[in-house]
Amino acid sequence: MHHGSWRLVVALFLVFTALVVAGSWYVWSTLRSVETDLPVTTISQHRELSSVIQGLSELMITLDAVRVSPTAQRWDEFLVSLDIACYLTESFLDSLPEIGEGSYAIVKDETERILSALDDLAAKAPQIDKTKALAQHVRLRDTITLLRETYLQANQEALVILYQQVRHIKRLQLGVLVVILLVVVSLVSMTMLILWQRRSIALLAVARVSAQESEQRFSLAMQGANDGLWDWDLETNAVYYSPRWKKMLGYAGDEIEGTITSFSELIHPEDIDRVLAYQKSYFEDSLPKYKIEFRMRHKNGHYIDVLSRAFLVRHEPDGKPIRFVGTHIDITARKRVAAELADANVRLEEASRHKSQFLANMSHELRTPLNSIIGYTKLMLDGLEGDINEEQRDDLQTVYNNGQHLLELINGLLDLSKIEAGKVVLSYETFTISDLLTEVIPTMEPLAGEKGLALTHSVAPNIDSLYADKAKTKQVLINLLGNAVKFTDEGSVRLNVAESDSEFVFSVIDTGIGIKEEDLEAIFDSFKQVGPAQIAGYEGTGLGLAVSKQFIEMQGGRIWAESERGKGSTLTFTLPKKQVTNS
Amino acid sequence: MEKQGAGKKILVVDDIEDNIRLVRKVLGFRGYDVVAAQSGEDAISMAQTELPDLILMDVRLPGGIDGLEATQRIKALPQLAHIPILAMTASVKPEDVRRALDIGCSAFVRKPIDIDELPKQVAKHIARASSAN
């Protein structure tokens with residue numbers, strides 16, 4: 001493109017140069033053609049000459065009048081016109097150049113001769129005899145006639161020359177004007193052309209740099225992404241396939257022809273119709289973007305999965321598609337992994353379902369013997385089958401407590417497996433604090449009473465109702481209070497309910513054995529809890545705390561423990577204040 | 001021990017002998033006359049011959065007829081439909097509980113049974129059934 005512009009500049013320059021040369025030659029030749037040897041070459045000379053002719057004509061008229069009737073008056077008139085003719089002739093002679101040749105010289109000589117004759121006549125006239133003068137008159141008249149004719153001749157020639165001169169001058173002026181115009185036009189256009197050229201060169205340079213950069217980036221990105229590139233020129237139908245594109249299908253550099261057929265022939269027969277239909281709807285603008293997966297035949301005969309993404313380049317004014325460019329990614333491995341993952345997921349879900357089912361069944365099976373263990377022990381403890389001594393009572397109580405503990409473990413295990421399987425759903429409701437406490441506190445009172453513990457609770461004023469999962473909150477409270485009562489031998493267990501701007505805060509404070517600092521977090525950990533290394537002195541908490549932690553966190557709250565060894569523990573949980581929703 | 005159950009007959013249906021014996025003891029001490037069946041079929045025939053005041057029905061029973069089906073069949077008999085039936089199960093699934101109540105059980109007793117609670121529940125439902133008649 002820029003080569004063409006330079007050629008244009010050069011051509012214009014040559015044309016202008018030729019025009020200027022031609023114009024200059026024309027002006028020069030016009031000037032040359034004006035050079036001549038004629039005596040009268042200027043307007044002023046022509047005017048002088050005309051005056052002389054007129055003066056001579058006047059002189060002849062007065063002379064003729066004297067000859068017809070030589071009165072004193074006519075004689076005076078003749079003398080006056082003689083003076084005028086002398087003056088005019090002298091004046092004309094003065095206007096002629098000093099040196100001359102040809103007709104010019106003749107005119108000059110004749111004029112000098114007639115002038116001296118006229119001068120002579122004029123000098124003698126007042127004294128001469130009027131009759132003699134008549135004789136002289138004929139000669140003088142002939143001389144004047146001759147001179148006048150010579151003058152007329154010269155003047156006619158001069159008129160022609162002058163006319164030519166005027167024409168030449170006009171042509172000259174025109175020529176000069178044209179030359180000046182051409183020079184100005186050429187200068188302006190050359191300047192503009194050069195400026196435009198510079199600008200387009202600069203733009204071109206910028207464009208070239210950015211094109212190089214983007215090409216470089218693209219090719220780097222392609223290499224990095226391991227994508228194959230194809231570029232289909234819809235006007236010539238030529239297709240460029242990048243080396244990576246070919247390699248993906250097992251082909252080397254020149255093994256694939258740059259036509260669209262070599263592309264479509266490699267698409268799986270089952271996929272080709274779908275691909276063509278997709279491309280058609282993309283060309284018709286009914287798709288936002290071109291992104292399709294299909295299979296292509298590898299050189300070795302097997303098929304690979306390809307993800308093809310492309311975009312259409314359209315010709316600006318008419319929107320005609322001119323270029324279709326796209327990339328290929330080999331997604332065979334990805335698809336295989338995805339299929340395997342989906343498969344594994346199905347198996348996992350099945351396994352998880354089996355596990356849940358197994359746990360549910362297992363818990364049923366485990367409960368059945370516990371029915372007898374707990375039931376019969378309680379039967380004896382209640383003294384329904386006769387009196388028992390103190391030692392027997394302690395032993396039976398131990399069996400009973402452990403039976404209860406085993407039952408709690410089984411329940412916790414089931415809860416955790418349900419949480420883990422995502423089967424626990426929250427069911428929110430609005431309930432009052434006093435309702436909740438009425439359901440919880442009485443269940444704790446018998447054991448606390450037995451141990452002689454003070455079980456108290458306090459609720460901050462203004463707390464009325466809350467929106468939460470009541471059943472789970474209740475289970476957590478029972479769990480925390482149960483543990484507190486279980487691990488406190490003397491003193492008290494207190495439940496505090498407070499609130500901040502954003503949450504309710506439940507604290508269970510006991511005066512029991514306390515928790516070692518390193519165990520403060522571990523007691524909520526289900527895996528550690530069920531592991532072989534149970535937390536010393538705190539065995540028997542079961543899985544209740546792990547379940548509680550899950551239930552609280554599911555509701556968006558937090559749970560933690562604080563303790564001073566030997567002085568007691570405080571277990572606290574929070575529930576965020578939620579808006580009542582209709583869902 | 002007050003003899004609140006005097007003159008009242010309870011049918012216990014459970015496939016495990018130990019469980020029957022426990023219920024028999026717990027209720028027997030309170031004066032109840034306890035009869036037992038170990039299968040669904042036995043439960044239906046015994047309900048007809050013994051005409052108990054209340055039936056304690058274990059949900060899971062071996063053989064063709066489980067506790068829920070036995071309950072349905074008993075409830076379908078006009079002369080037995082008034083007898084309150086308490087379902088017993090070790091299952092903790094909420095849907096099992098709901099189903100038991102849906103088919104006509106008066107209440108639900110969770111296993112392992114609480115021997116302090118059981119007599120209270122039995123007495124309550126017998127009283128409720130007799131006042132309804």
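The legends below describe close-up views of a predicted model.

Residues are numbered from 1 along each chain as its sequence is written, and chains are lettered from A and ligands numbered from 1 in the order in which they are written. Because the model is predicted, local features need pLDDT of at least 70 and side-chain atom pairs count only at pLDDT 80 or more, while totals for chains, interfaces and linings use all residues.

**Figure 1. Overview of chain A.** The secondary structure of chain A consists of 14 helices and 12 strands; helices (H or I, at least four residues) and strands (E, at least two) are DSSP runs, numbered from the N terminus. Of the 583 residues in chain A, 21% are buried. A residue counts as buried if 20 or more other C-beta atoms lie within 10 Å of its own, as exposed if 12 or fewer do, and as partly exposed in between, with C-beta atoms placed from the backbone. Among contacts in chain A with a separation of 6 or more, 66% join residues 24 or more positions apart. Two residues are in contact if their C-beta atoms, placed from the backbone, lie within 7 Å.

**Figure 2. The five-stranded sheet of chain A.** The strands of this open sheet follow the order 7-9-10-12-11, with mixed pairing; two strands pair if DSSP finds at least two bridges between them. Strand 7 (454-459) and strand 11 (559-564) of chain A are the edge strands, each with a single partner strand, so one side of each is left without a neighbour in the sheet. From one strand to the next, the twist averages 15°. Strand 9 (residues 492-499) and strand 10 (residues 503-510) of chain A run antiparallel and are joined by seven bridges. Within strand 10 of chain A, A:Val505 is the residue opposite A:Ala498.

**Figure 3. Helices packed on the sheet.** Helix 11 (residues 433-451) of chain A lies across strand 7 and strand 9 of chain A, and runs at about 170° to strand 7 of chain A. Axes are lines fitted to C-alpha atoms, for helices over the stretch in contact, and angles run from 0 to 180 degrees between N-to-C directions. Helix 12 (residues 470-486) of chain A also packs on the sheet, where it touches strand 9, strand 10 and strand 12 (568-576) of chain A. The direction of helix 12 of chain A makes about 20° with that of strand 10 of chain A.

**Figure 4. Helix 14 of chain A and its contact with helix 10.** Nine of the 11 residues of helix 14 of chain A are buried, so this helix is largely enclosed by the rest of the structure. The buried residues include A:Leu545, A:Val547, A:Phe551 and A:Ile552. The axes of helix 10 (residues 390-420) and helix 14 (residues 544-554) of chain A come within 9 Å and cross at roughly 30°. That angle makes the two helices of chain A roughly parallel, a term for angles under 35 degrees. A:Glu408, A:Gly412, A:Asp415, A:Leu416 and A:Ile419 of helix 10 of chain A meet A:Gly544, A:Ala546, A:Val547 and A:Gln550 of helix 14 of chain A. By class, the contact of helix 10 with helix 14 of chain A has four nonpolar, three polar and two charged residues. Ala, Val, Leu, Ile, Met, Phe, Trp, Tyr, Cys and Pro count as nonpolar, Asp, Glu, Lys and Arg as charged, and the others, Gly among them, as polar. Just after helix 14 of chain A, A:Gly556 takes a positive phi of about 85°.

**Figure 5. Helix 12 against helix 14 of chain A.** These two helices of chain A pack at an angle of about 145°, with their axes 9 Å apart. Helix 12 of chain A contributes A:Lys472, A:Gln475, A:Val476, A:Asn479, A:Leu480 and A:Asn483, and helix 14 of chain A contributes A:Gly544, A:Leu545, A:Ser548, A:Phe551 and A:Ile552. By class, the contact of helix 12 with helix 14 of chain A has five nonpolar, five polar and one charged residues.

**Figure 6. Strand 6 and strand 8 of chain A.** Strand 6 (residues 428-432) and strand 8 (residues 465-469) of chain A pair in the antiparallel sense over five bridges. A:Thr432 stands opposite A:Ser465 of strand 8 of chain A. Of the five residues of strand 6 of chain A, the number buried is zero, so this strand lies largely in the open.

**Figure 7. The side of chain A that touches chain B.** In this view, 16 residues of chain A are in contact with 15 residues of chain B. Helix 9 (332-381) of chain A gives the most to the side of chain A that touches chain B, with 13 residues.

Notes. Angles under 35 degrees count as roughly parallel, over 145 as roughly antiparallel, 65 to 115 as roughly perpendicular and the rest as oblique.
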